[in-house]
Amino acid sequence: DYAVMKKNILKGLLLGFSITVYFSFNIIFFLLITGHIKKEKIFINYNIEKLAFRILEANREGVLEDMFDYYREIKGFAIYDSRFEIELGYGDYFTEEEIYDFFLGNVEIIFDKKSNSFIFLKQIGGMGNIRSVTGINGNILRYSDKILFLKIDAYNYQKNRILYFMILSLFPIILLLLIIVLALLYRKNESYKIKIEEHQTLAKLGEASRTLAHEIKNPLGAINIQLGYLKKIAPENIVKEFGVFEYELDRIKSITDRIGDFLRDPLGFPQEFNVINYINEIIKNKKYRFIIEDNTIDADIFFDKRRFESIIENALNNAMESQDEAENIDPIKIIADNSKDFVIISIVDKGIGLRDKGKDIFQPYYTTKTKGSGIGLSIVKRFIEANGGKIEIYNNDDIGATAKLYIKKGKTKDENTDCRR
């Protein structure tokens, strides 16, 4: 429980850190982009103003046409007097009414979306009598002043602006995807770590179990021989009491055999066979009553027969023991269905059901039964998963439980040549 709590705290801290990093990076990136856009606007204002004065200088030197040939981004240029009458014009420029309205707007530069252009207006001139018109940025328009009009193509600016907005929009998504990928990698790494730990535990368990099984089987053989001898020489009334010894000896032998099953190679030597036919062979000598419901179209699987028998035996034993404990003599139902990749075998009992729903019932040696070994379901899970299937166990709505076994379907013979044969 402490390890689980520690793991949950670590997950919470990682989630909090990820959220903090995500929003921090977004804020920093947003400030950088908006700062860069403001800087670019200042730079554009400076360049347009610089270009305007170069045009004025070119006009004084009589090389205005050469200037326009060189600066292809200039869409229009004009000079107006203090009465807003045109003195010099080139390209696309404002009429006297338009320039007057623009001038009263008290703005030096605007972006015209309609023409995708920057429009620059500059009040130039020297001393003179003052007119009663407020100029750009609050300056007073004098009779001797001129108004410079400049229209510049804003294609490159707009292209950069769209690029910035795209980056600004995509960055949070990319960052979020990166965090999700890192989270998935972390989870995958955790699952690999758990699997490695499980394999290491199984390896240690296997070594101990092999030694234990070997050490148990030797004295068991000796006890069985001596018990057989005692049954021959003992009085008949005492021989009946030996049944307890025989039962317990058989149980110990069964446990050691199951441990051997668990430690066996889970794949074995697969071969193709029909599930329904083989299940019928397994249950024909059992005392319990079974009902087989075959809903399959194709019930062939590619599996090791001994391991499949171990799976069915263990699953059926659980169902029978559960019904015995519930004192229910109803038949156990075995339902076979098809899906795209699996033959699904459902073993439905009317026993006591699952008691510890939150526990890992597939953990080796976990059992709630007084006479259980806790190895049966571990064997079932190990053999099924090794062959690409899965197992689900859940309580029924009314009574008992269902064990659902997903067994991989059979394959064609030429696709499944066993390299170990």
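**Strands, loops and charged side chains**

Visitor: In which sense do strand 3 (residues 109-112) and strand 4 (residues 117-124) pair?

Guide: The model is predicted. DSSP must find at least two bridges before two strands pair, and strand 3 and strand 4 have four bridges. The sense of this pairing is antiparallel.

Visitor: Which residue in strand 4 does isoleucine 109 stand opposite?

Guide: Strand 3 covers residues 109-112, and strand 4 covers residues 117-124. The residue of strand 4 that stands opposite isoleucine 109 is phenylalanine 120.

Visitor: Which residue in the hairpin of strand 3 and strand 4 takes a positive phi?

Guide: The hairpin has four residues between its strands. The one with a positive phi, near 55°, is asparagine 116.

Visitor: Is phenylalanine 84 buried or exposed?

Guide: Phenylalanine 84 lies in the loop between strand 1 (74-80) and strand 2 (86-91). Its phi is positive, about 65°, although the residue is not a glycine. Buried means under 20% relative accessible area. Phenylalanine 84 has 5% relative accessibility, so it counts as buried.

Visitor: Is glutamate 327 buried or exposed?

Guide: Glutamate 327 is in the loop between helix 8 (305-326) and strand 11 (332-338). This residue, which is not glycine, has a positive phi near 55°. Exposed means over 50% relative accessible area. At 73% relative accessibility, glutamate 327 is therefore exposed.

Visitor: With which residue does arginine 83 form a salt bridge?

Guide: Side chains of opposite charge can pair when their charged atoms come close. The closest N and O atoms of the pair are 3.5 Å apart, and the partner is aspartate 81.

Visitor: What is the N to O distance in the salt bridge of arginine 307 and aspartate 304?

Guide: Both arginine 307 and aspartate 304 are buried. Their side chains meet in a salt bridge, with an N to O distance of 3.0 Å.

Visitor: How far apart are the closest N and O atoms of lysine 390 and glutamate 392?

Guide: Lysine 390 is partly exposed, with a relative accessible area of 39%. Glutamate 392 is partly exposed as well, with 28%. The two form a salt bridge, and their closest N and O atoms are apart by 3.5 Å.

Visitor: Which residues form a negative surface patch?

Guide: One member lies in helix 3 (residues 96-104) and is exposed, with a relative accessible area of 54%; this is aspartate 101. The patch is formed by Glu96, Glu97, Glu98 and Asp101.

Key:
Residues numbered from 1 in each chain as written. Predicted model: local features only at pLDDT ≥ 70, side-chain atom pairs only at ≥ 80, totals over all residues. Heavy atoms only, no water. Patch = residues over 30% accessible without salt bridge, like charges linked within 9 Å, V, L, I, M, F, W, Y side chains within 5 Å. Areas by Shrake-Rupley, 256 points an atom, 1.4 Å probe, with all protein chains shown as cover. Salt bridge = Lys/Arg side-chain N within 4 Å of Asp/Glu carboxyl O. Lys, Arg positive; Asp, Glu negative; His and termini not counted. Charge placed at Lys NZ, Arg CZ, Asp CG, Glu CD. Helix = DSSP H or I, 4+ residues; strand = E, 2+ residues; numbered from the N terminus. Buried < 20%, exposed > 50% of the residue type's maximum accessible area, 1.4 Å probe, protein only.
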